[in-house]
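Visitor: Could you take me through the helix packing and the interior of this chain, one question at a time?

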Amino acid sequence: MDENVIHLLKVLEVALIASLKFLIAPFEAERYGFDFKEAFGITTAGGIFGIIVFTFIGDGIAFIWKKIKNFFRKSVKKDERLLKRFKWSTRFIIKTKMRFGLMGVALITPSIISIPIGTFVIHRIYRGKLKNMIILFASLLIWSAALNGLAQYLRLSQYLHLPK
């Protein structure tokens, strides 16, 4: 393949990873040999794209999920529904929301929880999509600078003998 096509595919791969699980993307960008500016731009653009996409398809997903849940809920006894246990991740998000509010949940979204889940949760808990998106973008910029800087500083790819 042409070298420009290969480079474009690498950029798209890193951007897609950034839109889904941001924590991995800066290290993948460093592995492909992108410098800090390139990696910061690609991962930030991918993360912003993910936030925008999941902001607007989140309502559709919630609607479909509610229909599926209601369909299966009819066959489950009422007593069994009351015994639902929360997973550690749900408890973690709720504790973060109660302790730190919107800023806390937005801060953990790109790094600890994924962009799709964090965006969905924030828009379900807090109203004002534009305000939520701006806060998520700010959080993303902070994490992008920190993680891309860390990835460039550590240069972990020199220890991994993986094909580029």
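Visitor: Are H3 and H6 parallel, perpendicular or oblique to each other?
Guide: In this predicted model, local features need pLDDT of at least 70 and side-chain atom pairs count only at pLDDT 80 or more, while totals for chains, interfaces and linings use all residues. Residues are numbered from 1 along each chain as its sequence is written, and side-chain values use heavy atoms, with hydrogens and water left out. H3 and H6 pack at an angle of about 55°, their axes lying 8 Å apart, where axes are lines fitted to C-alpha atoms, for helices over the stretch in contact, and angles run from 0 to 180 degrees between N-to-C directions. Since angles under 35 degrees count as roughly parallel, over 145 as roughly antiparallel, 65 to 115 as roughly perpendicular and the rest as oblique, H3 and H6 are therefore oblique.

Visitor: How many charged residues does the contact of H3 with H6 have?
Guide: Contact means heavy atoms within 4.5 Å, and on the H3 side it involves Gly47, Gly50, Ile51, Phe54, Thr55, Gly58, Asp59 and Ala62, which meet Ile115, Pro116, Thr119, Phe120, His123 and Arg124 of H6. Ala, Val, Leu, Ile, Met, Phe, Trp, Tyr, Cys and Pro count as nonpolar, Asp, Glu, Lys and Arg as charged, and the others, Gly among them, as polar. Divided in this way, the contact has six nonpolar and six polar residues, and the number of charged ones is two.

Visitor: At what angle do H1 and H3 pack, and is their crossing left-handed or right-handed?
Guide: Helix H1 covers residues 3–20 and helix H3 residues 36–73, and their axes are 7 Å apart. A crossing is left-handed if the near helix is turned anticlockwise from the far one by less than a right angle, and right-handed if clockwise. For H1 and H3 the angle is about 50°, and the crossing is right-handed.

Visitor: Is Glu28 buried or exposed?
Guide: Glu28 belongs to helix H2, and beyond its neighbours within four places in sequence it is in contact with Glu13, Val14 and Ile17. Because its relative accessibility is 13%, Glu28 counts as buried.

Visitor: Which helices are included in what covers the buried residues of H6?
Guide: The buried residues of H6 are Ile115, Pro116, Gly118, Thr119, Val121, Ile122 and His123. Their cover includes H1, H3, H5 and H7.

Visitor: How many helices and strands are there in the chain?
Guide: Helices (H or I, at least four residues) and strands (E, at least two) are DSSP runs, numbered from the N terminus. Read along the sequence, the pattern is α-α-α-α-α-α-α, and the count is seven helices and zero strands.

Notes:
Buried < 20%, exposed > 50% of the residue type's maximum accessible area, 1.4 Å probe, protein only.
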